[in-house]
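Dear colleague,

Please find below the structure for your review, together with its sequence.

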Amino acid sequence: MALLDRSDWYDIARDTNWTPGYVPREEIFPPQLSDPYGIPVEQWETFDEPYKVSYREYVKIQREKDSSAYSVKAALSRSKFHDDLDEGWASVLKLHYGAVALTEYQACQFQARMVRFGPSPSMRNMATYGMLDELRHAQLQLFFPHELVSRDRQYDWAHEAAHTKNWAVLGGRHAIDDIMMCRDAVTGTIMVSFAFETGLTNLQMVGLSTDAANMGDFTFANMITSIQSDEARHAQLGSPAIEIMINNGKKKEAQQAVDVAFWRMWRLFAITVGIPMDYYIPLDQRHLSFKEFMHEWIIRQYDRQVRDLGLETPWYWDLLADDIENHHHCQQGGIWSWRPTVWWNPPGAVGPREREWLEEKYPGWNDSYGTYWDVITDNLLHGREEKTHPECIPIICNMCQIPISNRPGEAWKARALQLEHEGRRYNFCTEPCRWIFTTDPDRYKHHLTIVDRMYSGEIDPPTLDNVLTYMGIGVVSEGGRDGHDYSWVDGFRTQAAE
Amino acid sequence: MTDAPDLKPLKTWSHLAGQRRRPSEYEIVSTNLLWSTDDELPWSLSPDMDMNQWYLKYRDGSPLKHVDWDAFRDPDGLVYRTYNILQDGQEAYVDGLLDEHNASGHDAELSAGWLDSLALLYTPARYMLHAVQMSSAYLVQMAPASTIVNCAMLQAADQLRWVSRTAYRTKELSLTAPDKGFGDKERALWENDPAWQGFRELMERALVAYDWGEQFVALNLVAKPAIDEAFVRQLGQAAHRAGDGLLRQLLDAQQADSVRARNWSAALVALALQTDGNKQVLADWVAKWAPLGDAASDAFCAALPDAGDAAAQAKDEAEAFRAGLGLGR
Ligand SMILES: [Fe+2]
Ligand SMILES: [Fe+2]
Ligand SMILES: [Zn+2]
């Protein structure tokens, strides 16, 4: 006999609940931080994580993973990969790191909430590994862009973005603060471990890592795949929690938490993943359209997971299908037009070949989004670059903080979803964003969008320069420009010449 | 723009560009990572929402003040990558200990009396260590700088390490001595036996010390030092006297993690003491919590076989640690 198997002692290590005697249990586990649903603690003690790991295994496996992830980096610093990198792909990296690095770090504190306030000992132990995983993700995704900061200041946003009030950051922070940082341990795990990590971060792995490999960016592809292998483990905290909720008559509450979180994160992921897949990645390196990808990986798989757990398909599923056709196309147009406000260089990337591809993947694209780009293309062909910058201030959704924008062209539906609450008028991009507000108006009612801040005196006076400075542009780095210096219109010149 | 900053190329993150040294990997991936400390309102939801109120009260409203908590640095400079390298090595060593002692029939040689002591004083410790894991995780949520958060994070992980190894030994001992209640009686002993009531009271009360600074004092300056001295050191010496070489060596390995905890605790106290008024705040908390630590050491050490002056030693050593930080009573 030598060493015991993990299964021999594992249950003892997760038998750590006791009955407090010096302090009431509700003080050690306040409902607003732990379980606001009043589910008996014996029920939480049935929590059984599908994936098990010991500390001993964890440090060994993770050490090995890190040695492979970081060794690629050593090779990278000798390679010329970034010397003549396509700016479309560079934009993917800049957007990704700026959006993700410090969010991963915040996830450490989110996991720590489960370690401290999770009502189940299993949850507390598993979240301890989850917390370490998130530290890994933050540190990897700071280390790699730091390698690039001497080439291009826009990579400084990997560290700085979350400390600025850039409009894109305000949207990310609002969602992350809402579903991840300001929830009790139980609701948090349903929202983040299940809806966000199980439901949506697959997008990043399968979507971006395949594209990264196609781009020859093996560092990034490896890193994302490696991160996702951690995610696949700690995301499994969510489903046992949902099962316990359902078994204890809290299906409605679990359903709402899942649906709120999924929609919130979807609105952001369509930007950080959808736009890169359909626009920033050079045509020849694209492997799937965002829509194909969403239907394969999200519409089918996530829905099945939700129903397998005993929940229902989210009520807004049809609206999601519609949003998949539109949201990221709208935002590509908006972000490109407002390119000086972002920290990456978004390519318009709608030359003749790209448009053909978009029309094939999204039938009707030419008659809708195409009309928007027709005007821009025409202006660029005639040397009126200044006309490609918008003049009107957009209306911002009071939930997702993203400019409200609708499909242009024949089927134009001018939708402004509004809500009056305590004398203030709120605007929403979609029904689910408005619905989320109504689930808890007190939680959301005070927040000011970037545009509200121009009128509230927070940005005073709201000149363009002041607004840009407020957003960190010209402070952290220069703002964006067209990533391909408008070379994508050249194809139309050739066409015209022919 | 009239006052456009100089956007010349960077050699490192802009926030580290002012320092003269080239930043280390530790600094690049560990510093200034919290966004909730940037503005007056921690989270971008309503100010009166309970989580904003919680952070405003227990973190930003703490009597422990510093203008720049982000100046804190872990003296061990650990990052995730190096932590795993370190602990994989340490765990390989522990695997070796367990394997070796198992092969040599170590447990069969233990006396019945010592097995009773292990059942009473060793295996119930997983509850205590888990409470330290939870308490450390509270600091992860509440500390006002990422460099402090990270130290608390690795400290929480270290506790899970010893919860796991204690569970391992609990199982192994139950195989050798099925009649001693290993794996069975620990919760009842933790909840009722006089030997544990001091530590239980200390940890239950520490868990609800919600001010982040007070949590740090209760946990890192009182509870952990008491555990290090009474449980790790004095129980280790008792193990040595009883011929239990395995437990002695396991506890020595556990001590190595505690050394890191003391290193960062000392560094944090040193940083805090730069601010006028903090010395009194810390001293008041020490005065409040140290008696609970002493009582825990007294109760635990009284149950050690041939204890001698174990309790006095444990209390003196914990006090000496605090005195070394300028916080002696
Ligand atoms: Fe992560
Ligand atoms: Fe995660
Ligand atoms: Zn919205």
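The account starts with a pair of helices in chain B. Helix α6 (residues 146-176) of chain B packs against helix α10 (residues 245-272) of chain B at an angle of about 165°, and their axes lie 11 Å apart. Since angles over 145 degrees count as roughly antiparallel, α6(B) and α10(B) are therefore roughly antiparallel to each other. The crossing in which α6(B) passes α10(B) is left-handed.

On the side of α6(B), the contact is made by B:Ile148, B:Cys151, B:Gln155, B:Asp158, B:Trp162 and B:Arg165. From α10(B), the residues B:Leu250, B:Gln254, B:Asp257, B:Ala261, B:Trp264 and B:Leu268 take part.

I turn next to the interface between the chains. Chain B contributes 71 residues to the contact and chain A contributes 75 residues. In chain B, the helices that each supply at least two residues of the side touching chain A are α1 (25-30), α2 (50-60), α3 (80-103), α5 (125-142), α6, α7 (186-192) and α8 (194-207). The largest share of that side, 15 residues, comes from α6(B). The residues of the side of chain B that touches chain A divide into 37 nonpolar, 16 polar and 18 charged.

As to confidence, please note that this is a predicted model. The model scores ipTM 0.98 and pTM 0.97. Chain B has an average pLDDT of 97, and 98% of the residues score at least 70.

Yours sincerely

Note on methods: Residues are numbered from 1 along each chain as its sequence is written. Chains are lettered from A and ligands numbered from 1 in the order in which they are written. This is a predicted model: local features need pLDDT of at least 70, side-chain atom pairs count only at pLDDT 80 or more; totals for chains, interfaces and linings use all residues. Axes are lines fitted to C-alpha atoms, for helices over the stretch in contact, and angles run from 0 to 180 degrees between N-to-C directions. Helices (H or I, at least four residues) and strands (E, at least two) are DSSP runs, numbered from the N terminus. Angles under 35 degrees count as roughly parallel, over 145 as roughly antiparallel, 65 to 115 as roughly perpendicular and the rest as oblique. A crossing is left-handed if the near helix is turned anticlockwise from the far one by less than a right angle, and right-handed if clockwise. Two residues are in contact if their C-beta atoms, placed from the backbone, lie within 7 Å. Ala, Val, Leu, Ile, Met, Phe, Trp, Tyr, Cys and Pro count as nonpolar, Asp, Glu, Lys and Arg as charged, and the others, Gly among them, as polar. pLDDT is the predictor's confidence in each residue, from 0 to 100.
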